[in-house]
Amino acid sequence: MDLKDRVVLVTGGATGLGREVSLDLAKEGMKVVVNYSRSEADANETVKAIEDLGGTAIAIQADVSKKEEVDRMVERIIETFARIDVLVANAGTTVFRPFDDLDGVTEEDWDRIMAVNVKGVWLTAKAVAPHMKKQGEGRIVVTTSIAGIRPTGSS
């Protein structure tokens with residue numbers, strides 16, 4: 001797939017790995033949608049960095065664990081760019097507790113982690129898939145944490 005002028009949604013695209021992915025894909029000529037849940041200032045900084053590179057980007061707030069917000073985000077992408085070619089499902093969350101403090105992770109913590117890290121991937125993939133099917137192509141990339149290989153604490 002030629003990446004120039006394609007549209008990519010990067011969930012959790014404002015900070016960390018998501019920011020780096022957003023910047024790298026912009027350098028390849030993609031139009032980048034920087035999704036964020038809480039860090040509007042970081043998202044705006046990432047958009048500005050992409051624009052400073054000569055790229056096109058917008059920031060959209062949405063909690064990927066909430067279907068209504070995901071659907072609204074995808075609708076806005078289609079309204080803005082008329083397509084979506086790539087989803088990088090990168091949003092993730094955790095709580096940091098030592099390994100020996102299993103009781104330190106509450107049921108509320110666990111539910112939030114699963115809602116963002118698992119349900120969020122499913123909701124975003126489900127929301128973009130019909131558009132990709134209609135276009136006849138698309139790609140979905142799912143990132144995971146290094147904690148799957150090198151677990152520490154609650155990871």
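Reader: What does Val141 touch, leaving out residues up to four places away in sequence?
Author: Val141 touches Leu87, Val88 and Ala89 once those sequence neighbours are left out. Keep in mind that this is a predicted model.

Reader: And where does Val141 lie?
Author: In strand 5, which covers residues 139–142.

Reader: OK, strand pairing. How does strand 4 pair with strand 5, parallel or antiparallel?
Author: Parallel, over four bridges. Within that pairing, Ala89 stands opposite Val142.

Reader: What about strand 1 and strand 4, how many bridges there?
Author: Three bridges, and those two strands run parallel as well. Leu9 is the residue standing opposite Leu87 in strand 4.

Reader: Are the faces of strand 4 covered or open?
Author: Both are covered. Val86 and Val88 are buried on one side, and Leu87 and Ala89 are buried on the other.

Reader: Which hand does the unit of strand 4, helix 4 and strand 5 have?
Author: Right-handed: the three elements make a right-handed β-α-β unit.

Reader: Let's stay on helix 4. How many residues does it have, and what does it reach from first C-alpha to last?
Author: It has 29 residues (107–135) and reaches 41 Å, close to the 42 Å expected. The helix does bend, by about 40° at Lys119.

Reader: Which residues of helix 4 are buried?
Author: Quite a list: Asp109, Ile113, Ala115, Val116, Gly120, Val121, Leu123, Thr124, Ala125, Ala127, Val128 and Met132.

Reader: Switching to Thr11. Where does it lie, and is it buried or exposed?
Author: Thr11 lies in the loop between strand 1 and helix 1. It's buried, because its relative accessible area is 2% and buried means under 20%.

Reader: What polar atom distance is there between the side chain of Thr11 and Ala91?
Author: A polar atom of the Thr11 side chain lies 2.9 Å from the backbone nitrogen of Ala91. Further contacts of Thr11 include Asn35, Val64, Leu87, Asn90 and Thr124.

Reader: You mention Val64. Where is its place?
Author: Val64 is in the loop between strand 3 and helix 3. With a relative accessibility of 5%, it counts as buried. Among the residues it touches are Thr11, Val70, Val116, Gly120 and Leu123.

Reader: How far apart are Val64 and Glu79 in space?
Author: 19 Å, C-alpha to C-alpha, and they are 15 residues apart in sequence.

Reader: Now helix 1. Which of its residues are buried, and what do they pack against?
Author: The buried ones are Gly18, Val21, Ser22, Leu23, Leu25 and Ala26. They pack against strand 1, strand 2, helix 2 and strand 4. Gly29 follows the helix, with a positive phi near 95°.

Reader: Where are Asp5 and Ala82 found?
Author: Asp5 is in the segment before strand 1, and Ala82 is in the loop between helix 3 and strand 4. Asp5 counts as partly exposed at 43% relative accessibility, while Ala82 counts as exposed at 63%.

Note on methods:
Residues numbered from 1 in each chain as written. Predicted model: local features only at pLDDT ≥ 70, side-chain atom pairs only at ≥ 80, totals over all residues. Heavy atoms only, no water. Buried < 20%, exposed > 50% of the residue type's maximum accessible area, 1.4 Å probe, protein only. Pairing = 2+ DSSP bridges. Right-handed = clockwise from strand over helix to strand, strands pointing away. Polar contact = N/O pair within 3.5 Å; in protein donor to acceptor, adjacent residues only side chain to side chain. Contact = heavy atoms within 4.5 Å. Expected span 1.5 Å × (residues − 1). Bend = angle between axes of the 7 residues up to and from the residue.
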